[in-house]
Amino acid sequence: TGHGTTNREDTHVALAVLRPGMTPARVTRRVTTEDVGPTLAALAGVRPTEPVTGQVLREILDARTTSR
């Protein structure tokens with residue numbers, strides 16, 4: 001398929017985020033690639049220096065961590 005089609009292969013893409021002790025979580029709502037940057041920034045504990053259009057994926061941020 002090509003980019004930008006309505007085929008499932010173009011509209012559903014997996015994204016794995018791993019951190020030590022993280023409990024698996026799944027985001028089932030519709031998200032966009034614009035949400036990746038704000039989410040990674042939040043995981044790193046930094047705020048974007050410029051306005052962003054994406055939203056933090058709270059499901060990933062709120063995934064509980066277990067002590068090792």
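Modeller: A residue is called buried when its relative accessible area is under 20%, exposed when it is over 50%, and partly exposed in between (1.4 Å probe, protein chains only). The model is a predicted one, in which local features need pLDDT of at least 70 and side-chain atom pairs count only at pLDDT 80 or more, whereas totals for chains, interfaces and linings use all residues. Residues are numbered from 1 along each chain as its sequence is written, and side-chain values use heavy atoms, with hydrogens and water left out.

Helices (H or I, at least four residues) and strands (E, at least two) are DSSP runs, numbered from the N terminus. The protein has 3 helices and 0 strands, giving the pattern α-α-α along the sequence. Of its 68 residues, 18% are buried.

Within H2, the buried residues are Pro 38, Thr 39 and Ala 41. They line one face of the helix, because they fall within an arc of 160° when seen down the axis of H2; the arc is that of the directions from the helix axis to the C-beta atoms. Helix H3 (58-61) is included in what covers these buried residues. After H2 comes Gly 45, with a positive phi near 80°.

A polar atom of its side chain lies 2.7 Å from the backbone oxygen of Asp 35. Contact here means heavy atoms within 4.5 Å. With neighbours within four places in sequence left aside, Thr 39 is in contact with Gln 55, Val 56, Leu 57, Ile 60 and Leu 61.

Val 17 touches Met 22, Leu 43 and Ile 60, residues up to four places away in sequence not being counted. For the protein as a whole, 53% of the contacts with a separation of 6 or more are between residues 24 or more positions apart.

The charged pairs complete the surroundings. A salt bridge is a side-chain nitrogen of Lys or Arg within 4 Å of a carboxyl oxygen of Asp or Glu, and a search of the whole structure finds 2 of them. In one, Glu 59 pairs with Arg 29, with the closest N and O atoms 2.9 Å apart. This pair links distant parts of the chain, 30 residues apart: Glu 59 is in helix H3, and Arg 29 is in the loop between H1 and H2. Glu 59 is partly exposed because its relative accessibility is 27%, and Arg 29 is partly exposed because its value is 35%. Thr 28 lies in that loop between H1 (8-11) and H2; its relative accessibility is 69%, so Thr 28 is exposed. Another salt bridge joins Asp 62 and Arg 58, whose closest N and O atoms are 3.3 Å apart.

Technical notes. A polar contact is a pair of N or O atoms within 3.5 Å; within protein, one must be able to donate a hydrogen and the other to accept it, and residues adjacent in sequence count only if both atoms are side-chain atoms.
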